[in-house]
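Hi there,

Here is the structure I promised to pass on. Have a look at it first, and my notes follow below.

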Amino acid sequence: MDRALASALQERLGATLLAPVRQRFDETEIRVSIADAIPTLRALHDEPNFAFEMLIDLCGVDTGEEMQVVYHLSSSTTGDWLRVIVPGVDRNAPRVNSLVSLWPGAEWMEREAYDMFGIIFEGNRDLRRIYMPDDYLSHPLRKDFYLADDASRSPAAGVRNMERAGTPADATRATALRKSSGA
Amino acid sequence: MTTQQTRPSLDDPRIAIPSTSEWYEPAPTAQTERQAEFLNLRDGEMFINMGPQHPSTHGVLRIVVKVNGEQVVDLDPVLGYLHRGVEKLCENADYHQAICYTDPLEYVASLFCEAAPVAAFEKLMDVEVPRRAQYIRVLTMELNRIASHTLFQGWMALDLGGITPILWSFIERDEIVDMLAALTGQKLLYNYYRIGGVNGDLNHEFMSRLGNWMSRAAAQIDSNTGLINENELFVRRTRGLGTLDQATALRMGVTGPNLRATGVPFDLRRDHPYLVYPELEFNVPTRDEGDSLARYMVRIDEIRESIRIIDQVLHEMPDGPVMAKLPRLIRPRPGRAFGAVEGPRGAYGVYAISDGTDQPFRMRIHDPSFVHLQLVGPLTRGNLIADTMAVMASLDPVMGGVDK
């Protein structure tokens, strides 16, 4: 755990952080809004005392109430992973800015997040489905998408979806992440 | 004249030959700006379909190649033929079951696919892995790395047209695979790591096979590499091909040997240490050229470093338990964790979110092959079609991991 990194982040980004810097094991976590995300990531990449030059991961998260985009960065200046969470993306019309201008390698990861969650990344020139076929309609990793033969979490628990004649009205109700996780 | 008039005209729809455009499926309509650019054919250009059942695509990958004669103008990889939705399956399985699902992702090095989720879950559970289990994990992972890299060595030569090296590299790989099978009971999908340790201590058969193999490993690897490294055809086909510079590699999110071949000494074992790696002595081999040959050479150097690590692990392994005390039902407190290991292809990471139940709420699997496959386009533009395979082979993607 790199205490110096936490204080440096708090000092440099203090105003844009939505929550205090959190640290656990070798992970440092910050939260920024959709509008601040790209400028913050640019600052983390460009400024020599941070130098987070490596984008290790980009993914979408559906908490059941909102969407998030989560970035994991690595730097040569610290042994900590930096996790940048962009919370509060609207579930019904998820739309954030693309990271492709900073890390062109994010293109496919954004395509994957679009495919799986329907998150639209503004500025990605190639935002189309990557795993699912082009004529596929839903976004499988959303929490209101149930596996055909797994009904254990659905409102119709115990009944196999494939064997059900009709879809119950509340079958699209999403499982929500518990508040206590701080997500 | 009269006979001509009774004959049907060539334009008569009853006998007219359809125009060539109707022979083929209609071209897909562009959904994005980039795709429209790709689908726009200029004079002399045409599309060629490669895969999904092409022997050199290392799995089921389809590449639509836009060519001008023999020259690759542009290409568009089409993924998803192997998509199983592992992330979704993991969200609907409990923590122990989730580890089994990640196993077949990178089927040539599946211990790394287990190690990453296990690392993330252990952070969620806040559990300390016993020292002996940590050493066993390092030992088995390094063995698996050697197995993966030796297979790469043979594959790469095979993709360039040399049949012999893959037969030789399978000797080494089979020995390691059999060794791990003696330990775990499975040849490829081991399912050996558990949250808090490993499933069973080292056994006699594994140790005797390992001792036997270690006594000749270095010499055997040297003779295998001698077969390829000094082959002029191999060297001349790969040197200077698909050169990746350092800045591009960093911006493309490249990790692992492909990044180290451009001169960046980034290795998770060194930069984000896990298990007992900080106590072990090893080098992080790098090359500066960044071409296909450099990517190959870095991997060969890594095999030698792995043998060095195994040697140290065997000397320093302590006695003790191999599992931490944990409840049978894993039910971590709500929270988030990122576990990552340095796989033979790069940073293999898992981001797990727990909501306090016995199933992960979200489990994101990051596979390095997926990122590296993006490079095939930029690195092969302007080269010959045959070089596409040489570049792909040197990037060493595994489609099981790419498609998840």
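This is a predicted model: local features need pLDDT of at least 70, side-chain atom pairs count only at pLDDT 80 or more; totals for chains, interfaces and linings use all residues.

Three strands form an open sheet in the order S1-S2-S3 (chain B), paired antiparallel. Strands here are DSSP runs (E, at least two residues) and helices are too (H or I, at least four), numbered from the N terminus; two strands pair if DSSP finds at least two bridges between them. S1 (45–50) and S3 (71–78) of chain B are the edge strands, each with a single partner strand, so one side of each has no neighbour in the sheet. From one strand to the next the twist averages 20 degrees.

S1(B) and S2 (residues 62–68) of chain B run antiparallel and are joined by six bridges, with Phe47(B) opposite Lys66(B) in S2(B). Across S1, S2 and S3 of chain B lies helix H16 (residues 385–395) of chain B, at about 50 degrees to S3(B). Axes are lines fitted to C-alpha atoms, for helices over the stretch in contact, and angles run from 0 to 180 degrees between N-to-C directions; contact means heavy atoms within 4.5 Å.

On to the cysteines. Cys90(B) is buried at 0% relative accessibility, whereas Cys100(B) is partly exposed at 35%. Buried means under 20% relative accessible area, exposed over 50%, and partly exposed in between (1.4 Å probe, protein chains only).

Residues are numbered from 1 along each chain as its sequence is written, and chains are lettered from A and ligands numbered from 1 in the order in which they are written. Local features need pLDDT of at least 70 and side-chain atom pairs count only at pLDDT 80 or more, while totals for chains, interfaces and linings use all residues; side-chain values use heavy atoms, leaving out hydrogens and water.

Best wishes
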